[in-house]
Amino acid sequence: MKFDKSIKIAPSILSADFSNFGEECLAIENQGADLVHIDVMDGHFVPNITFGAETCKAIRPFINTIMDVHLMIAPVDSHLQNFVEAGADIISAHVEATPHIHRTMQAIRGFGVKAGVALNPGTPVESLENVLDLVDLVCVMTVNPGFGGQKFIYSQIEKIKKIKDLIGDRPIHIEIDGGINAETAPLVVNAGANILVAGSSVFRGGSVEKPEIYGKNIDLIRTSVSKKM
Ligand code: DX5
Ligand code: ZN
């Protein structure tokens, strides 16, 4: 992914039709998605189970932009290679999922894949301090992970600003994940974010038969940001 500050929309397939991931990925990309956000959940680190590396591998041929894999799993290190081989372009792991987040980020980078570090709403910014020079992306959870369609946690806006300051001029993307829509998107962009994950607000009302709804939903988010800039 080119490192630039342009706003990128990353629809999360957690809100897609689970029986038709391939066509759903093609549809959202044709309707303007910049990345495809893939929520991997193990039912242990988060209370929900979605799918694993095999599903990512099956989806990969249908993604022409960027496969942004969000690992909500613990432990994480032993699974990294499977997601790399599945074709992930970015792999984000949670600070809370391992006592060795520094080694996890080194390992992801070691595979030649972009490394993302993710923080739950209760995790302080300080937990990033010692890995900032190992990551390409910080994923700030603005919901408690596990499900789509939850309410945005407004207290995280201050945290985004702190992360922005901590990052300084390092080439690191700030990705926001959870409760992003036309109302919350401008708030997080003004706080310093440039990648917006959006599940329910993109997929709501659309389908592979009605992909133009996806396009409308994506444009709504995009214009909400440009209006407020
Ligand atoms: C939640 C996932 C998010 C979620 C976003 O655990 O990490 O990516 O799918 O869904 P919305 O946009 O509906 O909050
Ligand atoms: Zn996610």
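Predicted model: local features only at pLDDT ≥ 70, side-chain atom pairs only at ≥ 80, totals over all residues.
Local features require pLDDT of at least 70 and side-chain atom pairs pLDDT 80 or more, while totals for chains, interfaces and linings use all residues. Residues are numbered from 1 along each chain as its sequence is written, chains are lettered from A and ligands numbered from 1 in the order written, and side-chain values use heavy atoms, without hydrogens or water.

Secondary structure follows DSSP runs numbered from the N terminus: helices are H or I with at least four residues, strands E with at least two. Helix 5 covers residues 156-167. Its 12 residues reach 16 Å from first to last C-alpha, close to the 16 Å expected at 1.5 Å a residue; the expected span is 1.5 Å times one less than the number of residues. Burial is defined by relative accessible area: buried is under 20%, exposed over 50%, partly exposed in between (1.4 Å probe, protein chains only). Gln156, Ile157, Lys159, Ile160, Ile163 and Ile167 are the buried residues of helix 5. They fall within an arc of 155° seen down the axis, so they line one face of the helix. The arc is taken from the directions from the helix axis to the C-beta atoms. Lys162 and Asp165 are exposed on the other side. The buried residues pack against strand 5 (114-119), strand 6 (137-141), strand 7 (173-177) and helix 6 (185-191), with contact meaning heavy atoms within 4.5 Å. Just after helix 5, glycine 168 takes a positive phi of about 60°.

Strands pair if DSSP finds at least two bridges between them. Strand 5 and strand 6 run parallel, joined by 4 bridges. Strand 6 and strand 7 are also parallel, over 5 bridges. Cysteine 139 stands opposite glutamate 175 in strand 7.

The whole structure holds 5 aromatic pairs. Rings of Phe, Tyr and Trp (its six-membered ring) pair with centres within 6.5 Å; planes under 30 degrees apart are stacked, over 60 edge-to-face, the rest tilted. Phenylalanine 18 and phenylalanine 51 have centres 5.9 Å apart and planes at 50°, so the pair is tilted. These two residues lie 33 residues apart in the chain. Phenylalanine 18 is partly exposed at 43%; phenylalanine 51 is buried at 10%. Phenylalanine 152 and tyrosine 154 form an edge-to-face pair, 4.8 Å centre to centre with 80° between the planes.
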